Structures are given as C-alpha cells and as structure tokens.
Amino acid sequence: MATWKILLLQDSSSPFMEQLAFFHDHALLVLTIITILVGQLMISLFFNKYIHRYLLEGQLIEIIWTILPAITLIFIALPSLRLIYILDETNNPLLTIKTIGHQWYWSYEYSDFKNIEFDSYMIPINEMQSWNFRLLDVDNRIVVPFKTQIRMLVTAADVIHSWTIPSLGVKIDATPGRLNQTNFMSNRTGLLYGQCSEICGANHSFMPIVIESISPGFFIKWITKIAQL
C-alpha cells in the first residue's frame, strides 16, 4: 500500500505488477535518452555560430530523423504488446470471484463454494480501531490463497465503477450490464489495499478494497467456516 514519501511504484505483489514495473522503467529510460538528446541539440543551436546561406535541403538528415523515431517507437511498442497479451491471458484459474460495484460499496460472490456472498463497506471513522487505516479498511475483506491463479468477474449494479489494486497491477472497469474479466495471482501473504478509481458519485472516495492473501491451507479453513454459517 502507498505510504508517505513514496516516489516510485508500490512494491509488487504479483508477477503481472513486476512486468508492469519493468516496462515502466524501460519506457522511462527511453524517454530520458530522448530528452537528453533533444536538449543537447537545442542548447547547441542556441550557442553555435554555424551559418550556411545556401542550405536549402538535407535529405540525409531528414531520412535519419524520420527512421530513428520509428525505431524508438518499435522498442516501446513490442514490450507493450507483449505485456497486453500477458495480462489478458487467463490460464486455468483455480478460483473465481464475482465482484459487483454499488453506490458506494462492493459485493463479492464465491460461486465455486455454495455461492458464498457478502458485502464490503468502508469502516466509518467513529468505528475504527487503532490498527485500521482511514478510508482504506473494510468490514469484510476478500480472502484469497496466495500463489493461486484467480479469475475476477466484475460488473456494476448502478453506475460505472473501477476495481483497482495497484500492488497487483489490476484495474478493471465495473460496467452495468457488462461482465468484465481479469485475473491475478498474489505471490506473497499480506493485506493488499485498493480503491474505486472511476468517479462514481458523491461517495466515490469511500468504497475501498482490501484483499487478504493467506496460505491455501488457511483459505480452506476459512471457506469451510464461512460455508457453515
């Protein structure tokens, strides 16, 4: 989760987020090289005293400054296309969770286990405990096993929402009348925080998301206990 003085991306909790961070660094390096090169050329234009009264065309330099940007775009486009296909691939999920966005809370359904379902509301400030985070903690967390491929089906009951967990590299719109699909895998245990990232009304800021990533053994115990209630 993001805390004060973090200037870079959050620590990744999934292989997808690791790949996104690698692509971010790659694109930033390309942009840095372009900025330095263009800046150096502009500074040299200000201070040099080269004059050519009869210079009308320069076909060679025009060919060079047309081909070089095209090659640069290819270096950015190929990793980007690879990443798009990786993120869109759902490979034999072991668990399916359906998420429904409401104004202004989330509903979750574990349809693989006797259709277990519950609502997740933000904890009000006057009910918070000392270990809760303001505007980020909820009364019912999503519980998932770590190192397990999970499919998330996302929709909305009223307006457009967006289910977003930055540390997992997941951001998917919840659209009324449409069922969107994404997948993720947490590679470590812990609490993962997110929020709705689509302006969805007056209380848009007050519908956080919390995922509790635990071991598969504890997940089986949790799901058995919930199913018996």
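**Exercise 1. Aromatic rings**

Which residues form one aromatic cluster?

*Solution.* Begin with the ground rules: the model is predicted, so local features need pLDDT of at least 70 and side-chain atom pairs count only at pLDDT 80 or more, while totals for chains, interfaces and linings use all residues. Residues are numbered from 1 along each chain as its sequence is written, and side-chain values use heavy atoms, with hydrogens and water left out.

Next, recall that a pair of aromatic rings is described by the distance of the centres and the angle of the planes. Rings of Phe, Tyr and Trp (its six-membered ring) pair if their centres lie within 6.5 Å, and planes under 30 degrees apart count as stacked, over 60 as edge-to-face and the rest as tilted. Counting by this rule gives eight aromatic pairs. The cluster asked for consists of Tyr108, Tyr110, Phe113, Phe118, Phe219 and Trp222.

**Exercise 2. Salt bridges**

*Solution.* Side chains of opposite charge can pair when their charged atoms come close. The term salt bridge is used here for a side-chain nitrogen of Lys or Arg within 4 Å of a carboxyl oxygen of Asp or Glu.

To describe the surroundings, use the classes buried (under 20% relative accessible area), exposed (over 50%) and partly exposed (in between), found with a 1.4 Å probe and protein chains only. Asp137 is buried, because its relative accessibility is 2%, whereas Arg141 is partly exposed, because its relative accessible area is 26%.

Step two: the side chain of Arg141 also meets that of Glu212 in a salt bridge, with 3.5 Å from N to O. This pair links distant parts of the chain, since Arg141 sits in the loop between β3 and β4 and Glu212 in strand β10 (residues 208-214), 71 residues apart. Helices (H or I, at least four residues) and strands (E, at least two) are DSSP runs, numbered from the N terminus. Glu212 is partly exposed, with a relative accessible area of 26%.

Step four: Lys171 and Asp173 join their side chains in a salt bridge of 4.0 Å, N to O. Here Lys171 is exposed, with a relative accessible area of 53%, and Asp173 is partly exposed at 32% relative accessibility.

**Exercise 3. Surface patches**

Name the residues of the negative surface patch, and then those of the nonpolar surface patch.

*Solution.* Patches are made of residues with over 30% relative accessible area and no salt bridge, where like charges are joined within 9 Å and nonpolar side chains (Val, Leu, Ile, Met, Phe, Trp, Tyr) within 5 Å. Lys and Arg count as positive and Asp and Glu as negative, while His and the chain ends are not counted. The place of a charge is taken as NZ of Lys, CZ of Arg, CG of Asp or CD of Glu.

The negative patch is formed by Glu117, Asp119, Glu127 and Asp139. Glu127, one of these residues, lies in the loop between β3 (116-120) and β4 (142-145), and Glu127 counts as exposed because its relative accessible area is 52%.

The nonpolar patch covers about 1,000 Å² and is made by Leu28, Leu31, Ile34, Leu37, Val38, Leu41, Met42, Ile43, Phe46 and Phe47. Accessible areas come from the Shrake-Rupley method with a 1.4 Å probe, and for residues only the protein chains shown count as cover. Met42 is placed in helix α1 (residues 15-47) and is partly exposed at 46% relative accessibility.

**Exercise 4. Backbone details**

Locate the cis peptide bond, and describe the phi angles of Leu135 and Lys147.

*Solution.* The cis peptide bond joins Gln103 and Trp104, with omega about 0 degrees, and Trp104 belongs to the loop between β1 (95-102) and β2 (105-110). Leu135, although not a glycine, has a positive phi of about 65 degrees and is found in the loop between β3 and β4. Lys147, likewise not a glycine, has a positive phi of about 55 degrees; Lys147 lies in the loop between β4 and β5 (150-156) and is exposed at 58% relative accessibility.
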